[in-house]
Amino acid sequence: MRHTKADNSSTTASRDESTTAWALAAGGGDPDATDRFVRALHRDVVRYVAHLSADPQAADDLAQDTFLRALGSLHRFEGRSSARAWLLSIARRAVIDSHRYAAARPRLYDTDDWTLMAERAQPTGLPGFDDGIALLDLLEALPDERREAFVLTQMVGLPYAEAAEMSDCPVGTVRSRVARARAALVEQLAQAETEVADDAVALAEPAVVAA
């Protein structure tokens, strides 16, 4: 069965209605609704903070911090925006606060072991990118505004209007950032795939033995 863009939008809207209803009920003290709310949005939060922060290894901690903040504020949630947009705005602040804390914290050591640092920052299990090409590496090359717009709308699935509200900019600006991010990612991916193909051809060519 072929799914249209309208079908996907309808599914997303229905899901947002459910999570928003659970958030409102959770704010009223319903423990079952609280559990449903957390389960429904946990993956979105982890994915968002993993790509918004510079340290994918901290994604679980940032997600936990996000939900702790959200659960402590649910009684003030009034449903004016979707619960998902509200929660991701809290996640955004959690990432910003973590960066500020890291910047203010004195460094205990310096390291020249860039290989180890790169391996620690390398995500695993990302779909659609083979031959060692990590999506996070491609996203990190984007300007912050374009990366956030792309992650919010294309990976988390937030509507453009809500992404614009979170980023405090017009919807048209978000659409432009996403389009530019897509073009840059396609170009980077094509270049990386070309390099991989060239390396494969070079390895396949027989070595020339000097007489």
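pLDDT is the predictor's confidence in each residue, from 0 to 100. The structure is a predicted model, in which local features need pLDDT of at least 70 and side-chain atom pairs count only at pLDDT 80 or more, while totals for chains, interfaces and linings use all residues. Residues are numbered from 1 along each chain as its sequence is written, and side-chain values use heavy atoms, without hydrogens and water.

**Exercise 1.** Find which helix has the lowest mean pLDDT and which the highest.

Solution. Next, take the elements; helices are DSSP runs (H or I, at least four residues), numbered from the N terminus. Over residues 107-133 the pLDDT is below 50.

**Exercise 2.** Describe how the axes of α2 and α7 cross.

Solution. The axes, lines fitted to C-alpha atoms over the stretch in contact, belong to α2 (residues 31-52) and α7 (residues 144-155), come within 10 Å and cross at roughly 160°. Angles run from 0 to 180 degrees between N-to-C directions. The two helices are therefore roughly antiparallel (over 145 degrees). Contact means heavy atoms within 4.5 Å; α2 contributes R47, Y48, H51 and L52, and α7 contributes R147, E148, V151, L152 and M155.

**Exercise 3.** State whether D168 is buried or exposed.

Solution. Locate D168 in the loop between α8 (160-167) and α9 (171-204). Its relative accessibility is 72%, so D168 counts as exposed (over 50%; buried is under 20%, partly exposed in between, with a 1.4 Å probe and protein chains only). D168 also has a positive phi of about 60°, although it is not a glycine.

Key
Parallel < 35°, antiparallel > 145°, perpendicular 65-115°, else oblique.
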